[in-house]
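Student: I have a two-chain model open on my screen and would like to walk through it with you. Could you help me read it?

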Amino acid sequence: MRTRRLLTVTSIVFCALCGVSRGAIAIGNSNVQIGGFISQGYLYSNNNNLPTEDVGGTWDFREAAFNVTDTIGDHLRVGGQVFEQRFGNIGQDKMILDWAIADYNFSSWFGIRAGRVKYPKGLYGEALDLDVVRPFILLPEAVYSPILRDFTASFDGGMIYGSVNALKGSFDYKVFGGNIPISPEKGVADFYNDAGLYAGNGVAALRMDSVKGAQLVWNTPVSGLKFVGSYSYFTNLATDGPFVGYPVVNLHSNIERFSWLTYSTEYSVGDWTFAAEWQRTGGELSVAAPLIGYGFSEPVGWDGWYVAASRRLGDKFQVGAYYGDNQQRRNFNSSNPADYQHDTAVSFRYDLNDHVLFKVEAHSFNGTYETFNTVRITNPHPKTNNTVFAVKTTVSF
Amino acid sequence: MNSHFLRRLGAIAALLSLVSLAGAAPAIIANKGLEKEKIDASTLKAVFLGKKVAWDTGGRAILAVLKSGPVADEFLKGAVDMSSSSFNNYWRRLAMTGGGSAPHVFEKDEDVRKYVSDTPGAIGFVDSASVDASVAVITLAP
């Protein structure tokens, strides 16, 4: 709390002393820029734990980030950002390196970025934490599961990127490869723990060989309209841990290739912004405990989509709403609430000034797909319908 | 009758001149070191969207923008086809995700002009009435 207050005061002092940039603060007349944000929210969930510590309300809903960027010569830019979050029992306010890059832009059509790089996926994959760029508190879970934030936010590796004018519009491309460091503390572990294969605290080790992917954005000749296609895949996403049926035996799982395919569109016209995204994930999960001759293989993955609309009301206010649908792909049964999740959300945003905003949001969930029951996210008896209220304030500089 | 007509004409002319004053007329200005740089609409857009970071004649492209107002609205709509709010979000997103160095933002025309004048590689926009000899005025190449 003291650290948070100190950071807030520091940001205000910087704002007063330095030249302000759009989305960052320039230090004097140099090219060094600093930026960041601090947010604190409150989440209330009436029936299910989604994914606070317990049914009810919690203040364990916050994020903070601080970044520094500098330019060297005409083409090179270096920078990095640290980030911490608390989302129920996920994150635990542990500071992590969110991104740290060296970027050499040869020309508008070709650049290279390397280091810890933000993971391009859909409209918001690189900007999962940026409250300032959207009216919503929680992005549609059908495409952006908050449990996966610490897993899909960035990767270690390299990217080539650029922009080419064509068809009276432009195409922005990104092609990337690397790997994502993962560990049992990360939210992704609960996807495995929820499957009930591991004993005790669940999966003990997670790793992957690589992530590779590409994204193409078509900025169409129609003002404000763009289409985005994103594809990426992990190779050998593997876990180990004590087998629930025989805890002294190690259970190993592996998904040789887990893919993410996302199609997105956004249309901004006047004060309105409309968006829609569809995502398919999937792979073949192989599970084995060779010592006791146990094993099986099955397809895993989900299909998710949403449509969203938001409208600015003057300089200070913004309202938004979306409807999202997420369902498992294997043996989907539309009459089984555990196989789907529908999410209807309504949001209201108020900008006090350029640096401080407030949001209020209500969700009505139907279905319990991805409503986990694990050590960290307990839902022993999930209910089909769940209402979530969220409020959040963010200070950015 | 004639004097009445002239009075009405005078009133209309005064009104038109007020409307004209209220209308935004942005001028693109650049550091004098960029006078030889060939800048067309496509280049201008790439620079203001952070896609092109260096000038062909050398030096880093550094952006100076007005925070808000009709001149900013008019310029951004014409140059990058965005509203001020969209442009703001675009750059916040880039700066916070390692995608670019954000533009320098100023409240007044004079501050933009002074920054552009003092900073090699800088480009910005101001109301055309605020242009002076300390900066180069950019006419877009066809």
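## Reading the model together

Tutor: Happy to! Let us start with chain B: among its contacts with a separation of 6 or more, 66% join residues 24 or more positions apart, a contact meaning two C-beta atoms, placed from the backbone, within 7 Å. This is a predicted model, where local features need pLDDT of at least 70, side-chain atom pairs count only at pLDDT 80 or more, and totals for chains, interfaces and linings use all residues. Residues are numbered from 1 along each chain as its sequence is written, while chains are lettered from A and ligands numbered from 1 in the order in which they are written.

Student: In what order do the elements of chain B run from the N terminus on?

Tutor: Helices (H or I, at least four residues) and strands (E, at least two) are DSSP runs, numbered from the N terminus. Chain B has 5 helices and 5 strands. Their order is α-β-α-β-α-α-β-α-β-β.

Student: Is A:Trp59 buried or exposed?

Tutor: A:Trp59 sits in the loop between β4 (56-58) and β5 (61-72) of chain A. A residue is buried if 20 or more other C-beta atoms lie within 10 Å of its own, exposed if 12 or fewer, and partly exposed in between, with C-beta atoms placed from the backbone. Because A:Trp59 has 11 other C-beta atoms within 10 Å, this residue is exposed.

Student: Which strand supplies the largest share of the side of chain A that touches chain B?

Tutor: In the model, 36 residues of chain A are in contact with 29 residues of chain B. Several strands of chain A each supply at least two residues of that side, including β3 (33-45) and β9 (154-166). The largest share, 4 residues, comes from β7(A).

Student: Over which residues of chain A is the pLDDT below 50?

Tutor: The pLDDT is the predictor's confidence in each residue, from 0 to 100. Chain A averages 90, and 92% of the residues score at least 70. Where pLDDT is low, the predicted coordinates should not be read in detail. In chain A, the pLDDT is below 50 over residues 1-21.
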